[in-house]
Each structure stands twice: as structure tokens, then as C-alpha cells.
Amino acid sequence: MILDYLPVAVLRQRRDESQSTTYEHGFRIGFKGSYEGSKEEKYFIHNHLNFRVMYHRDQESDYARIVGFEYLA
């Protein structure tokens, strides 16, 4: 997904539990899993997406530009 020529990114926690920020390019459109108590696996699609759009507003001109675009899981 792209917004104003910027690719979407997903904030991820590192596996080594360090405090540094890691981003994953793009986002997962769904997952494979099963209902509780069932052994049958199915595919689940995310049909609601939440985004954070970060922008910078120029104080002199009152124009703004997009500087970041994150998918919020």
C-alpha cells in the first residue's frame, strides 16, 4: 500500500526484546489459523485496517507534507 509515494510500514517488536524500533515493509493481509477447539485450518482476511499518517506542517506557508505512514495492527 502506498500513500503520497511512501510505502506503508508496520512497527514490530524485535525478537531479542531490545528497545530499538524495527519496521516491516508492507502489512500482512491475513493469516492462516483455526477456531478454538477445531483442528481444521482456515484463512482469515483482515477487512478493517487502521493507519497512522504522520505529517510535518510548515509554519511559514501553512502547507503540510506527509513524512510517514504506518499500519496499526
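Biologist: Okay, where does Met 1 lie?
Modeller: Met 1 sits in the segment before strand 1 (2-3). Strands here are DSSP runs (E, at least two residues), numbered from the N terminus. Before we go on: this is a predicted model, where local features need pLDDT of at least 70 and side-chain atom pairs count only at pLDDT 80 or more, while totals for chains, interfaces and linings use all residues. Residues are numbered from 1 along each chain as its sequence is written, and side-chain values use heavy atoms, with hydrogens and water left out.

Biologist: Got it. Which residues form a nonpolar patch on the surface?
Modeller: Met 1, Leu 49, Phe 51 and Val 53, with about 310 Å² of accessible area together. Those areas come from the Shrake-Rupley method with a 1.4 Å probe, and for residues only the protein chains shown count as cover. A patch takes residues with over 30% relative accessible area and no salt bridge; nonpolar side chains (Val, Leu, Ile, Met, Phe, Trp, Tyr) are joined within 5 Å, like charges within 9 Å.

Biologist: New topic: in what order do the four strands of the open sheet come?
Modeller: The order is 4-3-8-7, with mixed pairing. Two strands pair if DSSP finds at least two bridges between them. At the edges are strand 4 (22-25) and strand 7, each pairing on one side only.

Biologist: How do strand 7 and strand 8 pair?
Modeller: They're antiparallel, over eight bridges. Strand 3 (residues 9-12) and strand 8, on the other hand, run parallel and are joined by two bridges.

Biologist: And how many residues are between strand 7 and strand 8 in their hairpin?
Modeller: Six, and Asp 62 in that turn has a positive phi of about 65°. Asp 62 isn't a glycine. Most residues other than glycine have a negative phi.

Biologist: Which residue forms a salt bridge with Asp 62?
Modeller: Arg 57, with the closest N and O atoms 3.6 Å apart. A salt bridge means a side-chain nitrogen of Lys or Arg within 4 Å of a carboxyl oxygen of Asp or Glu.

Biologist: Is Asp 62 buried or exposed?
Modeller: Exposed, at 54% relative accessibility. Arg 57 is partly exposed at 36%. The cut-offs are under 20% for buried, over 50% for exposed, and partly exposed in between (1.4 Å probe, protein chains only).

Biologist: How many salt bridges does the structure hold?
Modeller: Four. Among them, Glu 24 pairs with Arg 28, and Lys 32 meets Glu 41.
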